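Here are my notes on the pockets in this model. Please read them with the structure open.

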Amino acid sequence: MSKRLAPIDHERLSALSAKGKSDPTQVRTVKCRTLTEARFRQLNFVRSLPPHVIDEPPQLLGDDTAPNPSEALLAALGSCLAVGIHANAVARGIEVSKIELELEGDINITSVWGTGDVAPKPVGFMAVRARVLLDAQADRETLSALVAHSVAWSPVAGSVRNPVPLDVRLA
């Protein structure tokens with residue numbers, strides 16, 4: 001194992017866990033404002049952070065300046081899984097030196113956002129695969145269980161896996 005990752009503060013993680021257990025019905029609303037800058041380049045504003053750019057590649061009429069929306073979804077999933085793996089490792093006292101995820105997803109894009117082939121078919125990801133490279137002070141069986149537990153409790157994995165009500169309407 002190489003150098004240990006900067007760990008999550010175990011006491012603060014425990015306090016956050018206790019807070020969640022004290023009111024398991026608590027729901028938090030997260031927000032993002034998306035502004036089209038030009039063509040298919042979108043600026044996404046979250047809290048007071050600098051804009052997060054989303055763009056399409058040239059073959060999809062974009063300028064290739066940032067990940068496209070589907071790639072950004074994979075990035076969000078990978079990030080959420082990595083956070084969960086790290087948090088659960090710290091909670092279990094497992095020292096981690098590397099967490100790396102390789103994600104890929106299969107998507108049929110022939111509908112071209114509803115302007116192409118609109119014959120009935122699944123829209124969106126049809127399959128997503130993630131490979132977790134984890135260097136930690138535990139045996140493979142323990143790490144496999146850690147990853148499975150983290151996937152089961154990942155909010156983004158749950159959003160990808162489960163049907164979620166979607167309400168989109170003109171303002």
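1. How do the residues of the lining of the largest pocket divide into nonpolar, polar and charged? There are 28 nonpolar, 15 polar and 5 charged residues. Ala, Val, Leu, Ile, Met, Phe, Trp, Tyr, Cys and Pro count as nonpolar, Asp, Glu, Lys and Arg as charged, and the others, including Gly, as polar.

2. This is a predicted model, in which local features need pLDDT of at least 70 and side-chain atom pairs pLDDT 80 or more, while totals for chains, interfaces and linings use all residues. Residues are numbered from 1 along each chain as its sequence is written, and side-chain values use heavy atoms, without hydrogens and water.

3. The largest pocket holds about 1,900 Å³ of space and has 48 lining residues, with P69, S70, A72, L73 and A76 nearest its centre. A pocket here is an open set of points on a 1 Å grid over the protein atoms alone, where a 1.4 Å probe fits, with protein on both sides within 12 Å along at least five of seven lines; lining residues have an atom within 4 Å of a point. Points are joined across faces, edges and corners, and the volume is the space filled by probe spheres set on them.

4. Helix 2 (69-91) is among the elements supplying at least two residues of that lining, as are strand 2 (41-45), strand 3 (52-54) and helix 4 (155-161). Helix 2 gives the most, 10 residues. Helices (H or I, at least four residues) and strands (E, at least two) are DSSP runs, numbered from the N terminus.

5. The second largest pocket contains about 1,400 Å³. Of its 31 lining residues, L16, S17, G20, W153 and P155 lie nearest the centre. Helix 1 provides the largest share of this lining, 7 residues. The lining has 13 nonpolar, 11 polar and 7 charged residues.
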